[in-house]
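I opened the model to trace its strands and its core. My notes follow in the order I looked things up.

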Amino acid sequence: QVQLVESGGGLVQAGASLRLACAASTRTFSNYAMGWFRQAPGKEREFVAGIHWNFGSTSYADSVKGRFTIGRDSGKNTVYLSKNRLKPEDPSVYYCAAATTCRSDCPLQFSNVYVTWGQGTQVTVSS
């Protein structure tokens, strides 16, 4: 089973940038996708961004379009989430997730397509 380890969280000021990374222990599936979700205290986990590994196609939540970018490094089995112009409402625990049977038309925004989740990394934004 794939194991995921997130890194890059921390405390930043509003308007600053931050990049999260998620390293996967293996990637041996042809229909592979990875996603980022976040969960703020007292709120449900929500989709942030996703990427189909082989096709490179991406999907974003409306709240982060134009500010966040998801990318991958195939050689390192790592997915990144670059976050620009962080807002006070962005603080959350950010989780990465892996889907192993996700063809090009699978809906990346739904958490039930993902089978493995990381432990999460905390992002705090100060005003």
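How many bridges join β9 to strand β11 (residues 121–126)? I count 3, and the two strands run antiparallel. Strands here are DSSP runs of E of at least two residues, numbered from the N terminus. Two strands pair if DSSP finds at least two bridges between them.

Before going on, I note the ground rules. This is a predicted model: local features need pLDDT of at least 70, side-chain atom pairs count only at pLDDT 80 or more, and totals for chains, interfaces and linings use all residues. Residues are numbered from 1 along each chain as its sequence is written, and side-chain values use heavy atoms, with hydrogens and water left out.

I stayed with β9, residues 92–99. I found 7 of its 8 residues buried, meaning under 20% relative accessible area with a 1.4 Å probe, protein chains only. On the β11 side, I see tyrosine 94 opposite threonine 121. Next I checked strand β10 (residues 116–117), which is joined to β9 by 2 bridges and runs antiparallel to it. Here alanine 98 stands opposite threonine 116. I picked out glycine 35, whose bridge partner in β9 is alanine 97.

**Entry: the open sheet**

I looked up the sheet with the order β1-β3-β8-β7 and found 4 strands, open, with antiparallel pairing. β1 (4–7) and β7 (68–73) each have a single partner strand, so one side of each is left without a neighbour in the sheet. One residue I noted is alanine 23, which faces threonine 78 in β8.

**Entry: the core**

Which residues have the most contacts inside the largest nonpolar core? I get Met34, Trp36 and Leu81, in a core of 36 residues. Such a core is a set of buried Ala, Val, Leu, Ile, Met, Phe, Trp, Tyr and Cys residues joined through side-chain atoms within 4.5 Å. β3, β4, β5 (46–52), β7, β8, β9 and β11 each supply at least two of its residues. I find the largest share, 5 residues, in β9.

I finished with leucine 81. Leaving out residues up to four places away in sequence, I list its contacts (heavy atoms within 4.5 Å), among them Leu18, Leu20, Trp36, Val48, Phe68, Ile70 and Tyr94.

Conventions:
Buried means under 20% relative accessible area, exposed over 50%, partly exposed in between (1.4 Å probe, protein chains only).
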